[in-house]
Amino acid sequence: MKQGVLLRYRQFLPITPKTPMITLGEGDTPLVRSQRLEKEIGCGELYFKLEGCNPTGSFKDRGMVVAVAKAVEGGSRAIMCASTGNTSASAAAYGARFGLETLVIVPRAGIALGKLAQALAYGAKIISIDGSFDDALSLVRALTQRYPITVVNSINPHRIEGQKTAAFEIVDALGDAPDYLFIPVGNAGNITAYWKGFLEYQRAGRSKSTPGMMGFQAEGAAPIVQGRVIEEPRTVASAIRIGNPASWKGAVAARDESGGRIDSVSDEEILSAYRLLGSSEGIFGEPASAASVAGLVKVARQGLELKGKKVVCIITGSGLKDPDTAVEIAQPPAELPADIAAIEKSLGLV
Ligand code: AN7
């Protein structure tokens, strides 16, 4: 049975005797070695951390379990978040299971179908606004100040605490930190959390080194790269369609303290990495997740020395979250009569 994040890493988490040790089986996700890309780009060892294997299909569950445990501990009755989809799915699941009402505000344009389906299935109250994620987050900040509702976006520090456990797992699996960690950046909570985790583990003597933090935004939604708020962020990777990240400063600190980079990748590069992951590694991540791999391909092309280096790419969410994109960009299936000759011909068997 899976322990869950709270039990497994309790000495690193803000747990008191009153904290309920809840879990939906989050964390302990696979770290799988690359079969193809590692050789293609010539790095020492390349691993993918499959965060889509969490209970609601994304890394958000690691932070949500801590945020919800602390909300329950504090006597809260309701939680609220703004979301590009995954945070709302996770909040709704943990809220439903542990007796909290879940209120969600999402941008009308571009929340992937699977994520909306999840929030609906878990019984959240969902409001879809004619505005961006950033507008939704401003509304959530205002409403949770006005009413006794716990905010569970990553402006809630318990979210960051939970998410840092993914860094612990990587060090536990590899025996030390990798040389580089590639990660998509949206609201920038996750890169902030990983960096905190790597630093804390090093301080605790669990690792000798820390990785260069390599964060990637989508080109049309790259406020940190451009150094300005993007009013109308655009990208196929709806999860990271964010123009004014809440953890902007945390991301910049992670980059600068680790000797890493924050750069952008185009939608074309994201989709190319998305296809490559699926068709040559057997890993179906959602488009935003492919930004980490697109970033690795980009820096390898630019000549970053990767020979002998250990690299981890975070695959932040499952590809099943966004079936529309998967189908849209693929060759449609061949439609044939139920006839063996026609099928033989179509498959090139004869
Ligand atoms: C799959 O769900 O912001 O930089 O509201 O769903 O920590 O925001 C999702 C973000 C990467 C970016 N990959 O992480 C939300 C939301 C996936 C994501 C990110 C998100 P952050």
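Five bridges join strand S4 (residues 101-107) to S5 in the parallel sense, and Ile105 has Ile127 in S5 as its bridge partner.

Residues are numbered from 1 along each chain as its sequence is written. Because the model is predicted, local features need pLDDT of at least 70 and side-chain atom pairs count only at pLDDT 80 or more, while totals for chains, interfaces and linings use all residues; side-chain values use heavy atoms, with hydrogens and water left out.

Turning to the ligand, 23 residues are around it, of which Asn86, Thr87, Asn187, Ala188 and Thr316 come nearest (a residue is near if one of its heavy atoms lies within 4 Å). An oxygen atom of the ligand lies 2.7 Å from a polar backbone atom of Asn187, and a backbone N or O atom of Ala188 is 2.7 Å from an oxygen atom of the ligand. A nitrogen atom of the ligand, in turn, is 2.6 Å from an N or O atom in the side chain of Thr316. The protein covers 99% of the 480 Å² of accessible area that the ligand has on its own, as given by the Shrake-Rupley method with a 1.4 Å probe.

Technical notes:
A polar contact is a pair of N or O atoms within 3.5 Å; within protein, one must be able to donate a hydrogen and the other to accept it, and residues adjacent in sequence count only if both atoms are side-chain atoms. Two strands pair if DSSP finds at least two bridges between them. Helices (H or I, at least four residues) and strands (E, at least two) are DSSP runs, numbered from the N terminus.
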